[in-house]
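Please view the sequence and the structure before reading on.

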Amino acid sequence: MLIFKILLLVSFSGDVVGNGGSGSYWTVYFDSDTLDLKLTRFIGDAQFSLDICFYEVFRETVAKAVINAKRRGVKVRVITDYDYFFRPYIDSMRSYGIPIIHEQMGYNSEHIMHNKFIVRDYRDADTTNDYVWTGSYNASDYTRLNAENAIIIKDHGVATAFFYEFNQMWGDTGDIPDTLNSKTGRRKIDAYPQHLFIVGGDSVWVYFSPQNRPIQHLINFVNSAMDSIGYLIYSYTRLDLADTMIASFQRGVFVGGVHDASDANSPYSVFPTLRANGLYVFVDNLPSNYSLLHHKFMVIDKRVVVTGSMNWSTNGNEYNDENTVIVKNSEIANLYWAEFKRRYAEATGINESASFIRKEVVFFKGNFVTLGFSGFKVYDLEGRIVFEDKEGNIWFGNNLSGLPVHSGVYLITDLKGSERVFVVKIFN
């Protein structure tokens, strides 16, 4: 029996930003919300302490906000990556007496400090004002945007996990680092053993690389998917996670993703494997003023979000200093799903509706698909025409020469291009 899955894709336009309203514990931002200004405001609201663990901090507005916080008497500590330790804005922060270290102090290693998190006001006596900022956003001074995300979580338990992680990298609990005691990379331990937190009635999981090996937790969540998985990723090389996505797809779960172009063209990328198995995966098609698709998130069943700094790679999982946050909250998930749809629409060129519709159809031995319109063209994912019928509404899975096409994803449009569907052909 031949099975086709038909997916009508849609677009999303406009900025994506949200929070749970007054008293809620979370806020979500994306690049269109001018993340440097949002981060500057987050830093500017600090009352007592800022523990900053950022891969890159060389955006002028952010560095000035950190310096201004120091001038106001806020206790500031900074960990950055070795490659960015000698940048001018780092030097300017040092000149104001802000202590700064990198991941290789006292420990020569090839790994990188790739986190992008801040713990705010944890070091005062008030446990009700503890915040964490994390996500994929680097405070970089580039002329073009990256597609990014950030999430702010207000919760003492979550902040505690990040605070303990910061301290083991800092080598001390106080203002002055102890680089001889600093643990980074594979020297780190599970400094705070609690990983599940109940926040506002929601479940929030926090994991750190490399000590927690977060990829296995992503695999577990992908295995649990019942309806849909949508993701945007900068670097994706883990075959174990890819195999799990393929297995989910084969049991009927929609799996769609957009990869940064540099990832899709990498010899280590799982993109060709996913594509060969019929998954709805594409290369980014960002606007011209963008540089990278720098997200590292997935949305599962529009109920669970996986985000943080970790790329889905062996380096991200087993060597680099990273964080992964998983939140079970439908409102948050729908904001990330909207960002996924927006980037997915850019990558695929499908812009007809405002929501995803998936339809499952079982076909008989004739190897055909019946369309809801007459007169159609079939394209492969490279935009090459595969088949055309100017009057009919049935495609028998053949090309212009009458030969069966390979298993995979195909785009079918009516002759005017106003009706479009994706067809995934799977041979049993």
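**Sheet and helix packing**

Leu196 stands opposite Trp205 in β12. The model is predicted: local features require pLDDT of at least 70 and side-chain atom pairs pLDDT 80 or more, while totals for chains, interfaces and linings use all residues. Residues are numbered from 1 along each chain as its sequence is written, and side-chain values use heavy atoms, without hydrogens and water.

**The sheet**

- Strands and helices are DSSP runs numbered from the N terminus (strands E, at least two residues; helices H or I, at least four).
- Eight strands form an open, mixed sheet in the order β11-β12-β19-β18-β17-β13-β14-β15, where pairing requires at least two DSSP bridges between two strands.
- At the edges, β11 (196-199) and β15 (280-283) each pair on one side only.
- The twist from one strand to the next averages 15°; angles run from 0 to 180 degrees between N-to-C directions of axes fitted to C-alpha atoms, for helices over the stretch in contact.
- β11 and β12 (residues 202-209) run antiparallel and are joined by four bridges.

**Helices on the sheet**

- Helix α4 (residues 156-170) touches β11, β12 and β19 (322-328), and its direction makes about 5° with that of β12; contact means heavy atoms within 4.5 Å.
- Helix α5 (residues 215-224) lies across several strands, including β13 (228-233), and runs at about 25° to β17 (296-300).

**Helix α1**

- Leu35, Asp36, Leu39, Phe42 and Ile43 of α1 (residues 35-44) are buried, that is, under 20% relative accessible area with a 1.4 Å probe, protein chains only.
- The buried residues of α1 pack against elements including β3 (26-30), α2 (60-71) and β10 (149-154).

Notes. Buried < 20%, exposed > 50% of the residue type's maximum accessible area, 1.4 Å probe, protein only.
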